[in-house]
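Here are some notes on two interfaces, written as numbered points to be read beside the coordinates. Please keep the structure open while going through them.

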Amino acid sequence: MSIRLENLNYVYSPGTAYEKHALKDVSLTIPHGEFVGIIGHTGSGKSTLIQHLNGLIRATSGQIYYNEENIYQDGYNMKELRSQVGLVFQYPEHQLFEIDVMTDVCFGPKNQGLTLDECRERALEALRLVGLKEKYYKASPFELSGGQKRRAAIAGVLAMRPRVLVLDEPTAGLDPKGRDDILEQIAYLHRQTDMTVILVSHSMEDIARYADRIIVMNHGEVMYNDEPKKVFAHFRELEEVGLAAPQVTYIMHDLKERGLAVDTGVTTVEEAADEIMAAMR
Amino acid sequence: MIRDITIGQYYPAKSVLHRLDPRVKLVSTLLYLISLFLFKSIPGYIMATLFLFGVIRVSKVPFKHIVKGLRAVVMLLMITVIFNLFLTRDGAVLFHKWIFTITEGGLRTAVYMTIRLIYLIIGSSLMTFTTTPNELTDGIEKLLYPLNKLHVPVHEVAMMMSIALRFIPILLEETDKIMKAQIARGADLESGNMIQRAKSMIPILVPLFVSAFRRANDLAMAMEARCYRGGEGRTKMNPLHYKTRDRIAYIVVIVYVIGVFFVGRYVPLGIWIF
Amino acid sequence: MGRTMIQTEKLIYEYERRDEEGNVVGTSRAIDRVDLEAVEGQFIAILGHNGSGKSTLAKHMNAILVPTGGTMWVDGRNTKELEELWNVRQSAGMVFQNPDNQIIGTVVEEDVGFGPENLGVPTDEIWKRVEESLKAVGMISYRHHSPNKLSGGQKQRVAIAGVVAMEPKCIVLDEPTAMLDPVGRKEVLKTVQKLREKKGVTVILITHYMEEVIDADKIYVMDHGHIVMEGTPKEIFSRVDELKSYRLDVPQVTLLADELKKRGLAIPEGILRKEELVNYLCQLD
């Protein structure tokens with residue numbers, strides 16, 4: 001169970017003034033069950049990349065293998081792929097449309113051709129997984145608060161029981177608590193199920209905290225593809241492309257420069273505190 | 001996909017046409033549209049074609065870009081062709097099968113109507129390609145100003161138009177995004193009969209309307225915050241004054257209209273239609 | 001101390017709640033007895049989670065909303081007085097969250113000219129102001145561009161220029177960076193800081209990004225329509241747990257300093273910058 005991209009290229013509006021090489025020779029393997037973070041500045045190709053994963057955009061050249069099956073081969077079931085690879089867009093609450101939350105969450109399973117009972121069962125499961133309180137199930141999605149709307153929208157994708165969950169900046173526009181809640185919920189999901197999670201984010205702090213592996217995109221190319229510690233060790237190169245390492249990584253580097261024996265590979269506050277306490281003793 | 005629609009969009013370039021007074025462009029477009037119905041012969045079409053291509057050259061808008069705009073109205077063109085082709089019964093029968101009959105007159109009308117329609121669309125989109133919505137608004141406002149005395153809210157109507165034009169690309173992009181998101185949730189937008197397909201649009205239309213209302217609300221607030229209070233007491237960044245080039249443009253257009261009228265009527269070349 | 005730019009006294013804003021048929025079923029208080037003051041040239045930050053009332057408060061500063069109780073003065077003018085409405089809106093310019101939904105013009109310079117046009121500024125003067133404002137936000141080379149082709153940060157800078165062209169004494173920014181990426185966020189903040197230095201405008205920044213407010217002269221924290229904390233960044237950020245209880249957080253440096261302090265290191269409260277923390281730690285060692 002994995003996703004494998006081979007020499008993927010994508011060119012926007014070829015042959016016009018707006019032609020843009022959005023993906024250049026991208027080759028990647030995402031093994032099943034991993035928590036992958038994708039970072040990159042706006043226009044680095046990360047949104048284009050994730051839309052390839054469920055076949056919404058077709059590559060100009062190159063191949064994608066889902067479970068070792070080429071998704072571009074004749075007769076490949078795209079609809080099935082889309083229910084296996086769930087994609088949560090940015091501001092997903094903007095896609096809510098049904099009269100109540102429950103019906104909206106059922107939209108995905110209904111499209112999969114499931115019976116009404118099965119739809120409801122999956123919707124309930126998904127709504128529980130995103131931690132939305134039961135009193136909101138019958139409420140109109142438009143009456144919920146920002147954070148609740150977002151949960152409902154994520155549940156709409158989860159109800160399809162995807163094996164891979166791709167989220168494009170799921171915390172955009174939320175306040176700090178809302179941000180942490182959603183991320184915690186996603187981490188919980190990842191622990192509870194054996195889903196692969198692919199998280200696109202602008203926040204290095206968030207990615208460092210949750211991801212097993214980070215893919216850094218720059219101008220349509222994969223710049224780094226490694227575990228967080230190793231990626232953030234390149235903080236100077238990251239800065240050059242408009243990104244940065246988490247703040248604590250910088251602090252550790254500064255401390256080391258001033259002669260304190262700390263590990264500079266630290267990326268979260270807890271790790272940093274441990275390191276500093278150990279070094280101070 | 002849907003973002004490729006270029007019709008009605010301003011195309012920035014530095015041409016005489018871009019610099020003309022919007023009133024000239026509005027009046028000229030109107031005159032050109034009328035002129036298309038003033039003649040019935042091939043020489044007339046040749047003149048209208050030459051004039052149109054001349055203006056396209058002057059506008060510096062790439063021909064490809066203009067043609068792309070036509071894609072959006074292909075359906076409309078098809079309907080015109082079909083209606084004219086099958087419903088006009090005039091002259092020799094060229095083709096007949098079951099209830100479908102194509103006559104010589106029908107074919108001719110279909111061809112000419114299509115050309116007229118295409119020219120009509122190109123003519124008016126040339127105006128929007130070379131005029132920013134704000135200029136357009138100013139032009140309409142000033143042209144229609146006399147109606148204000150009859151309590152027609154000219155300024156408001158003009159402002160609404162200009163805002164609509166600004167938000168078309170944003171809403172198109174939004175439609176694209178919503179479509180993709182619903183497809184990702186397994187929505188099937190392509191198969192099924194008419195009713196099923198209409199129904200499958202609900203997951204796209206509802207979010208689109210919600211978003212449009214939200215944007216309208218935001219925009220109204222932003223405009224008020226910037227002291228917008230209708231047309232009264234407002235000054236203009238680009239007040240409209242006719243310049244020499246505008247007068248020349250008027251003369252050129254009027255000469256063309258008179259020319260096409262006489263050529264179309266009295267130059268005995270080619271076939272007559274109707 | 002300079003002149004008071006913005007002042008509220010026991011400001012209350014209530015709105016009616018309606019049921020599905022549109023009948024009034026009660027009233028809710030979005031803002032409850034808020035007292036706030038901003039002196040000319042100051043940088044004031046208002047923090048709060050989504051739904052805390054901070055945006056509602058911001059809309060009062062521009063008289064988009066008027067208080068249902070208490071008073072709001074902008075540059076000495078009571079926003080409730082109808083004849084002062086346009087003066088209030090001119091002296092306190094407003095920048096909103098969504099960059100797309102506040103740009104009216106289809107060309108950058110047309111948009112910047114929209115405000116002055118509404119104010120009835122003579123044509124030559126409009127062009128002068130448009131040019132100056134676009135220079136002030138560093139967007140002059142984009143003057144003939146369509147706003148749709150700009151990045152989020154650039155759009156917000158155009159929106160700021162649109163406000164600057166109205167020559168306000170105060171700029172109220174209502175979550176101007178919430179929809180931007182980190183690069184855009186930095187761009188916008190730098191622009192605002194530059195304006196403050198060059199033109200001496202008062203800046204009111206409403207946000208939930210803590211890193212943006214460490215240079216503020218004063219911070220107000222809102223929750224449920226109340227002001228629950230006020231003080232300098234140092235004072236505010238030394239109360240990490242309290243901030244967290246209001247659904248907010250603190251920069252990672254502050255968090256780390258707080259964590260180390262809890263584990264017994266002698267570090268002062270309210271550390272805002274990484275240099276500060278590094279210095280303290282090196283002294284301890």
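1. A salt bridge, as the term is used here, is a side-chain nitrogen of Lys or Arg lying within 4 Å of a carboxyl oxygen of Asp or Glu. By that rule, chain B and chain C are joined by 3 salt bridges, and it should be kept in mind throughout that the model is a predicted one.

2. Polar contacts across the interface of chain B and chain C come to 17 residue pairs, with both residues of each pair at pLDDT 80 or more.

3. On the chain B side, helix H7 (133–143), helix H8 (154–184) and helix H10 (202–225) each supply at least two of the residues that touch chain C. Of the elements of chain B, H10(B) gives the most to this side, with 8 residues. By residue class, the side of chain B that touches chain C divides into 15 nonpolar, 5 polar and 9 charged residues.

4. As for extent, the contact draws 29 residues from chain B and 39 residues from chain C, and the area buried between the two chains is about 3,100 Å², with carbon and sulfur atoms giving 55% of it. Within chain B, the residues that lose the most area to chain C are B:Arg166, B:Arg226 and B:Met237, which together account for 31% of what that side buries.

5. Turning to chain C by itself, the domain assignment gives domain 1 (4–238) and domain 2 (251–285). The centres of these two domains of chain C, taken over C-alpha atoms, are 33 Å apart, and where the domains meet, 7 residues of domain 1 are in contact with 7 residues of domain 2.

6. The area buried between domain 1 and domain 2 of chain C is about 700 Å², of which 61% comes from carbon and sulfur atoms. On the domain 1 side, C:Ile214, C:Lys234 and C:Phe237 supply 62% of the area buried against domain 2, more than any other three residues.

7. Between the two domains of chain C there are 2 salt bridges; C:Lys234 takes part in a salt bridge with C:Glu276, in which the closest N and O atoms are 3.0 Å apart. Polar contact is found for 3 residue pairs across this domain interface, both residues being at pLDDT 80 or more, and the side of domain 1 that touches domain 2 consists of 4 nonpolar, 1 polar and 2 charged residues.

How values were computed:
Residues are numbered from 1 along each chain as its sequence is written. Chains are lettered from A and ligands numbered from 1 in the order in which they are written. This is a predicted model: local features need pLDDT of at least 70, side-chain atom pairs count only at pLDDT 80 or more; totals for chains, interfaces and linings use all residues. Side-chain values use heavy atoms; hydrogens and water are left out. Domain bounds come from an automatic or database domain assignment. Contact means heavy atoms within 4.5 Å. Buried area is the accessible area (1.4 Å probe) that two parts lose on being put together, summed over both. A polar contact is a pair of N or O atoms within 3.5 Å; within protein, one must be able to donate a hydrogen and the other to accept it, and residues adjacent in sequence count only if both atoms are side-chain atoms. Ala, Val, Leu, Ile, Met, Phe, Trp, Tyr, Cys and Pro count as nonpolar, Asp, Glu, Lys and Arg as charged, and the others, Gly among them, as polar. Helices (H or I, at least four residues) and strands (E, at least two) are DSSP runs, numbered from the N terminus.
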